[in-house]
Amino acid sequence: MTPRRRQEQAPGPSAARVWLAGLGPLLLVGAMTWWFLSSGVAWLRLGSVPIEKLAIERIIFRPQEVVLKVRNVGPGPLSVGQLLVNDAMWDFSITPGRELGRMKGATLSIAYDWLQGEPYVFTIVSGTGLRHTRHVEIATMTPVASPRSFLLFGALGAYVGLIPVFLGLLWLPFLRAMPRAWMDFWLSLTIGLLLFLGVDTLKESFEILGRVPQYWNGVMLVALGVVGAFFSLNGIGRALAGSASGSGALARPSGMGLALLIAIGIGLHNLGEGLAIGAAYTLGEVALGSFLIVGFTLHNTTEGLAILSPLVGGKANFRDLAILGLLGGGPTILGAWAGAFTYSDPLSLAFLGIGAGAIFQVVRVLARGRAEGGEPVIESLSRPRNAAGLLAGFIVMYATSLLVTG
Amino acid sequence: MPSRRILGVGLLGAAALAALLVGPARITAQRPQGEPPALTINPLARVARDHAIRTLTEFDYGKATDLRDGTSLREYWIEAKHVEVEVAPGVRFPAWTFNGAIPGPTIRCTEGDSIRIYFTNHGTMPHSMHFHGIHRAGMDGVFEQVAPGQTFIYEFRAEPFGLHVYHCHTMPVKMHIARGLFGVFLVDPKQPRPKAREMVMVMNGFDTDLNGEDNEFYTVNGYANVFFRDYPIPVKAGELQRVYLVNMTEFDPVNSMHTHAAFFHVYPTGTSLTPSLYTDTITMGQGERAILEFRYPYPGRYLFHAHQNEFAELGWLGQFDVKP
């Protein structure tokens with residue numbers, strides 16, 4: 001049987017018919033929805049009581065006061081019954097009221113002599129007696145946007161992101177002094193570093209997924225970020241990496257364009273990382289001790305190294321390096337501010353997804369380039385020295401990451 | 001029907017035996033005319049509050065008929081009902097109850113009285129009434145499960161005197177008690193105790209999320225903090241106070257009571273007229289109970305609460321308002 005293609009030269013349908021064909025299904029779906037909501041549910045007798053779900057979205061610590069932002073994320077209305085702090089009933093005020101429609105939020109406020117650095121458990125018992133709990137590992141005064149706190153979190157972002165990336169860039173003269181035969185090694189090392197960062201970004205999103213209410217569909221929000229960044233950077237990468245648009249000829253992955261691409265990818269990763277750090281501090285999940293900050297500094301210095309490999313063979317002036325450093329490390333500061341003052345879990349998930357997608361896109365561009373030996377980079381990775389370089393990049397990242405877990 | 005008189009304990013025993021042989025009696029017991037109606041189902045906080053306060057001082061002596069030997073026949077009408085109650089402000093609980101609220105009515109009588117309970121199950125599953133006391137096997141409320149819609153008549157003599165309980169004994173018993181099927185069975189000695197201001201306090205826990213593992217709230221008489229927030233109990237300084245304290249808590253092995261600024265004499269299970277302990281804190285296991293007697297010499301407000309302060313801060317907290 002051979003497939004037959006029918007050649008029909010039908011006259012073009014009228015505009016009205018096209019509109020009808022396009023809107024008809026929508027109208028039918030709308031009608032069905034209306035019918036289902038108005039009478040269909042009762043007709044189907046799905047009458048069991050839906051399970052109440054209340055999300056404690058944010059806990060704000062102020063002097064002698066704790067404020068809880070809650071939202072009804074269940075399928076039906078619910079009422080807020082009692083508030084327990086560390087399993088003890090506590091008087092609270094609530095605005096706008098106890099009765100919450102679907103997706104409606106409320107703010108609870110309690111007078112409480114909480115102590116800096118101590119753990120707390122907040123439980124809301126809703127009308128049908130179900131418990132909705134959120135743990136705070138380390139109670140910390142919630143930062144309010146002030147010049148001082150702005151400076152504080154800006155400095156934090158600079159310490160963990162901006163400064164390390166610049167320090168890493170200082171390796172350029174060293175890399176240039178190395179024999180030319182090692183060029184592919186540095187390229188492989190960079191790929192190893194980037195692969196680690198990509199997976200690391202996803203891992204950070206997994207940590208947030210644990211506390212995001214189901215209705216945000218957090219996993220797919222991350223996926224949206226990954227897919228969106230990967231394919232939208234495709235075009236940008238093609239433009240920046242320059243010659244790739246040529247017909248099939250492999251380009252040497254080098255030059256300022258490619259370095260910019262790597263810096264953007266790393267910058268997006270650092271934006272997510274800054275968000276996570278600022279938020280973790282605000283949410284009382286991490287104590288930002290000096291050890292942790294030093295750990296981030298060492299860890300992120302390798303990011304500067306990753307930006308350099310396309311520049312080893314070519315020329316780069318201080319202005320170029322400054323741009324690369326700002327693009328790669330600067331977003332950490334923005335992230336830290338956003339995380340500390342206006343934290344939103346879903347937004348963080350999207351940004352972490354974007355960071356991961358951007359980095360994987362950079363890896364793709366690097367891997368499609370031409371290695372020093374003339375073969376594609378992806379092929380060159382099978383050479384022992386290049387494989388060692390990739391592994392070394394991954395291992396360096398892993399080893400320094402041990403300093404920041406905890 | 002209620003006009004019928006049964007004379008003598010022998011007949012009562014025969015009726016009990018008959019009930020045992022026949023199994024759950026298939027009759028529908030009716031409350032006699034003129035009795036106050038059973039508590040109606042009402043989820044409002046007011047109902048829970050009023051019930052807790054009423055349980056403190058309300059005793060059900062039943063419909064009494066004097067018998068020739070000087071004792072009384074006392075008839076009680078109890079219904080198992082599944083209702084929604086409020087157990088803490090804003091928190092409802094799918095309760096299984098005797099007569100529509102938790103705890104069930106305090107059944108009070110004198111030692112030697114003939115007791116007849118018309119128990120009708122209006123629930124959706126079998127229930128029973130198991131009385132603590134001394135009685136024949138067929139009156140024990142364990143093997144004679146009462147199916148929904150059926151009535152069973154429990155008949156026994158009230159003995160020994162003391163502070164007892166009754167509760168459902170349908171498996172899983174833990175769940176049937178935790179859902180609220182319990183009440184106080186108070187048997188006075190023939191020689192009455194000294195005159196006193198008397199109060200019934202039934203301690204329990206509510207597993208509102210129904211996870212079958214622990215309690216979300218702890219109450220006295222079914223409503224969290226009711227004697228702290230809604231109704232500090234007014235008492236007179238110097239007057240003898242007598243608390244009938246019963247522990248019907250499930251999941252937690254013990255419950256306790258501590259009185260501030262007053263020491264009490266303890267009559268464990270109320271089966272002796274001689275106190276065995278003088279203290280201000282008593283800890284009791286599940287199903288345990290004791291009569292406490294004390295006086296407040298000085299006017300003012302005094303807390304009483306579980307000395308497991310975890311329970312106190314989950315609803316088991318009250319205060320006495322001692323008036324001069």
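Predicted model: local features only at pLDDT ≥ 70, side-chain atom pairs only at ≥ 80, totals over all residues.
Two strands are said to pair if DSSP finds at least two bridges between them. Strand β15 of chain B, covering residues 264–268, is joined to β16(B) by three bridges, and the two strands run antiparallel. What is the bridge partner of Phe264(B) in β16(B)? The partner is Thr279(B).

This pair belongs to a wider arrangement. In chain B, six strands form an open sheet, and reading across the sheet gives the order β11-β10-β13-β18-β15-β16. The pairing in this sheet is mixed. At the edges lie β11 (217–220) and β16 (277–279) of chain B, each of which pairs on one side only. From one strand to the next, the twist averages 25 degrees.

Chain A comes next. Its 406 residues include 11 helices and nine strands, and 39% of the residues count as buried.

Finally, the two chains meet. Where they touch, 13 residues of chain B are in contact with 14 residues of chain A. On the chain B side, strand β3 (residues 91–98) gives the most, with three residues.

Note on methods
Residues numbered from 1 in each chain as written. Chains lettered and ligands numbered in written order. Helix = DSSP H or I, 4+ residues; strand = E, 2+ residues; numbered from the N terminus. Buried ≥ 20, exposed ≤ 12 C-beta atoms within 10 Å, placed from the backbone. Axes fitted to C-alpha atoms, helices over the stretch in contact; angles between N-to-C directions. Contact = placed C-beta atoms within 7 Å.
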